[in-house]
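Visitor: Hi! Could you walk me through this one?
Guide: Happy to. Let's bring it up first.

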Amino acid sequence: MEAASEVVVVADAAELADRAAQSIVDSALEAVAARGRFMLVLAGGDTPRRTYARLAAAPRRDAMPWASTFVFFGDERCVPLDHADSNYRMARETLLDQVPLPSEQVFAMPGDAPDPDAGAVAYARTLARVLGLRRGEVPRFDLVLLGMGLDGHTASLFPGSPVLKEIFRPVAAVHATAAAIPQRITLTLPVLNAATNVLFLVSGPEKAKAVRAVLDERALLPAGMVQPEKGRLVWMLDHAAASQLRR
Ligand code: 6PG
């Protein structure tokens, strides 16, 4: 069954960051009240930088239940963890190093693993351990943040990739020839679609065509295949990214 997506359009990138940071706080408080902990998946790329910075600053910083928050990643480029293109490094600099989050509650994807397939298997084991999963059980995160590329990719799920058909593995190594850093590790669709909340953050006029393709034209692009089965799906767009929508 297809989830209904909510589309929230805000003025600009600054408001997007502000609203998204507040959404993260809201999801965190809800998750901690319901389940005692907040399992958060961060997005990579550039768009979330400002959101992370807002979350790391007052008043959001002081409203977050950091001691009960556990941080994971939706995808990673296969580069050393301190490389300029590392999603972990971006999150560390903008958010993780700025807040009282216990470092043992942060789970970087092993982008630095010599063998990305082995790195993906190791991360799947980490998820099973930290989330306390039974064999074969799909991880259910409280909030998954995602971005979208110009071609409709999300996390490291690129158009035409065989990994889009993955039904068993929660984490996979992928080779995306179209990407500047082709070798990557990503969560797979079954995991994204098991989340309680999925929040897409999309900003800028260059994304408008892909936004229209996914939300209006229902094109079969990876971002459009994120349809949480029982969860809430929100697309948060700035005005420029929403400018080609017919609604
Ligand atoms: C990555 C991503 C990727 C990203 C989109 C949007 O590691 O590259 O996680 O899916 O979210 O490419 O990236 P921007 O926000 O930089 O446009």
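Visitor: Is Arg218 buried or exposed?
Guide: Arg218 is exposed, because its relative accessible area is 55%; buried means under 20% relative accessible area, exposed over 50%, and partly exposed in between, with a 1.4 Å probe and protein chains only. This is a predicted model, where local features need pLDDT of at least 70, side-chain atom pairs count only at pLDDT 80 or more, and totals for chains, interfaces and linings use all residues. Residues are numbered from 1 along each chain as its sequence is written, and side-chain values use heavy atoms, with hydrogens and water left out.

Visitor: Where does Arg218 lie?
Guide: In the loop between helix H7 (208–215) and E9. Helices (H or I, at least four residues) and strands (E, at least two) are DSSP runs, numbered from the N terminus. The phi of Arg218 is near 50°, a positive value in a residue other than glycine.

Visitor: What about the phi of Ala155?
Guide: That one is positive too, near 45°, and Ala155 is not a glycine either. Ala155 is found in the loop between E5 and E6. Ala155 counts as buried because its relative accessibility is 12%.

Visitor: On to the ligand. How many residues surround the ligand, and which are the closest?
Guide: There are 15 residues around the ligand, and the closest are Asp46, Thr47, Asp75, Ala155 and Lys207. A residue is near a molecule or strand if one of its heavy atoms lies within 4 Å of it.

Visitor: What classes are in that shell?
Guide: Two nonpolar, eight polar and five charged residues. Here Ala, Val, Leu, Ile, Met, Phe, Trp, Tyr, Cys and Pro count as nonpolar, Asp, Glu, Lys and Arg as charged, and the others, Gly among them, as polar.

Visitor: Which polar side-chain atom lies 2.4 Å from an oxygen atom of the ligand?
Guide: One belonging to Thr47. A polar contact is a pair of N or O atoms within 3.5 Å; within protein, one must be able to donate a hydrogen and the other to accept it, and residues adjacent in sequence count only if both atoms are side-chain atoms. The backbone takes part as well: a polar backbone atom of Asp46 is 2.7 Å from a ligand oxygen, and for Gly44 the distance is 3.4 Å.

Visitor: How much of the ligand's accessible area does the protein cover?
Guide: On its own the ligand has 420 Å² of accessible area, and the protein covers 88% of that. Accessible areas come from the Shrake-Rupley method with a 1.4 Å probe; for residues, only the protein chains shown count as cover.

Visitor: Back to the loop between E5 and E6. Is Thr154 buried or exposed?
Guide: Thr154 counts as buried, because its relative accessibility is 0%. Thr154 lies between strand E5 (143–146) and strand E6 (171–175). Beyond residues up to four places away in sequence, Thr154 touches Leu146, Gly147, Phe200, Pro222, Ala223 and Val226, where contact means heavy atoms within 4.5 Å.

Visitor: And what is Ser156 in contact with?
Guide: Leaving aside neighbours within four places in sequence, Ser156 contacts Asp75, Val174, Arg184, Ile185 and Thr186. Ser156 lies in that loop between E5 and E6 and counts as buried because its relative accessibility is 1%.

Visitor: Now strands. Why is E3 largely enclosed?
Guide: Because five of the five residues of strand E3 (residues 69–73) are buried. Thr69, Val71 and Phe73 are on one side, Phe70 and Phe72 on the other.

Visitor: Which strand does E3 pair with?
Guide: Strand E2 (residues 38–42), in the parallel sense over five bridges; two strands pair if DSSP finds at least two bridges between them. In this pair, Leu42 stands opposite Phe73.

Visitor: How many residues of E8 are buried?
Guide: Six of the six in strand E8 (residues 197–202). Asn197, Leu199 and Leu201 point one way, and Val198, Phe200 and Val202 the other way. E5 runs parallel to E8, joined by three bridges, with Leu145 partnered by Leu199. E8 also pairs with strand E9 (residues 232–238) in the parallel sense over six bridges, and there Leu201 has Met236 as its bridge partner.

Visitor: Last one: which peptide bond is cis?
Guide: The one from Ala58 to Pro59, with omega near 5°. Pro59 is found in the loop between helix H2 (48–55) and helix H3 (60–63).
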